[in-house]
Amino acid sequence: MKRIAVFTSGGDAPGMNACIRAVVRGAVYYNLEIYGVNHGYKGLIDDDIHRLHSNSVSNILQKGGTMLKSARCDEFKTKEGRKKAYQNLKKRKIDGIIGIGGDGTFKGLSSFFEEFKIPVMGIPGTIDNDIFGTDFTIGYDSAVNTALDAIDKIRDTADSHGRIFFVEVMGKDSGHIALRSAIGGGAEAVILPEKNTNATDIINYIREDMRREKTFSIIIVAEKDSPGISIGVAEVVRKTLPDKDIRVTILGHIQRGGKPSGMDRILASTLGLAAVEALMDGHKDNMVGLINNELVFTTLKESFSKVKPLNTDLLRLVKILSI
Ligand code: ATP
């Protein structure tokens with residue numbers, strides 16, 4: 001292993017820059033030539049590949065977004081597209097690649113390895129935390145912290161005006177962000193894709209709250225792959241409880257931006273260096289994650305075909321602590 005390339009792909013996530021920095025500095029430490037690919041798989045196909053050095057990644061550790069940019073690229077889903085990408089790597093004698101992204105990114109890496117046998121390593125970078133093979137993905141903790149910051153502010157208005165706020169958080173089809181935001185934000189209830197909570201359950205929660213004379217409520221709604229879903233839920237509740245002042249806040253993309261949290265910086269640094277060392281040790285089509293604070297390697301296929309279960313026991317916390 002003499003030359004490796006790194007790219008970010010799919011949705012950006014806080015901590016991606018810290019991870020790029022760790023990959024670059026790790027490679028430099030081991031005397032490998034390191035290349036950055038701009039715009040994910042699109043850059044591989046378009047030959048947007050350039051040499052990186054230790055100082056190329058100065059002063060990025062604390063920044064959100066990704067200095068290598070990210071993109072979604074349909075052409076890479078085709079064999080022809082992947083062939084073009086491979087030829088660009090071959091031309092530069094690059095003999096290993098590291099992709100930082102989510103399950104779609106790992107599907108791409110897996111096909112690439114199967115077809116061209118070039119060693120690939122995946123690093124889980126997505127705010128959704130929906131990747132099997134790691135307790136946490138890079139960006140998840142920062143996204144939860146952003147959601148908590150917003151919930152705290154919304155709570156002030158909910159309290160001042162005695163309102164019920166439905167706060168919709170991201171997470172695609174998983175409820176990881178929603179569940180932790182509900183616990184950390186002291187929500188009365190949470191609607192998760194993994195549980196069939198519906199508007200009637202929420203109406204019952206609110207009625208219980210009314211009996212307990214709570215003057216305001218925060219209800220967290222997971223977007224469930226349909227951004228704006230909370231508007232419909234609130235509408236149903238409003239029809240049943242017309243005397244309640246009900247509002248909806250959709251947090252949206254603020255959850256994807258901003259400074260990475262301490263936890264994300266450390267996770268990103270750990271996984272970035274581990275990915276470089278793993279390529280050098282002969283890992284070929286794996287993802288590196290952290291489970292119980294130990295490095296764990298999972299095949300890429302497993303990482304995107306197995307579902308990471310949500311710890312729904314944590315729902316007890318929401319229920320009991322909002323009493
Ligand atoms: P996030 O979930 O955070 O958005 P992701 O990596 O899952 O991240 P996707 O948009 O699903 O984001 O995938 C990123 C890119 O990976 C796609 O634009 C495409 O180029 C590539 N990709 C996705 N699925 C496949 C596949 N089945 N085969 C080859 N490449 C794929």
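**Notebook: salt bridges**

I went through the predicted model for salt bridges and the count came to 16. I took a side-chain nitrogen of Lys or Arg within 4 Å of a carboxyl oxygen of Asp or Glu as the rule.

Entry on K42 and D46. I looked up this pair and found their side chains joined in a salt bridge, 2.7 Å from N to O. Both residues sit in helix α2, which covers residues 40-46. They are 4 residues apart, about one turn of the helix.

Entry on R238 and E235. Here the side chains meet in a salt bridge at 2.8 Å, N to O. Where do R238 and E235 lie? I found them in helix α8 (residues 229-240), and being 3 residues apart there, they are separated by about one helical turn. For R238 I wrote down 28% relative accessibility, which counts as partly exposed. E235 has a relative accessible area of 34%, and I put E235 down as partly exposed.

Entry on E302 and K306. I found a salt bridge between these two, with the closest N and O atoms 2.8 Å apart. How exposed is E302? E302 is partly exposed, at 28% relative accessibility. K306 also counts as partly exposed, at 40%.

Last entry, on shared partners.

Technical notes. Residues numbered from 1 in each chain as written. Predicted model: local features only at pLDDT ≥ 70, side-chain atom pairs only at ≥ 80, totals over all residues. Heavy atoms only, no water. Helix = DSSP H or I, 4+ residues; strand = E, 2+ residues; numbered from the N terminus. Buried < 20%, exposed > 50% of the residue type's maximum accessible area, 1.4 Å probe, protein only.
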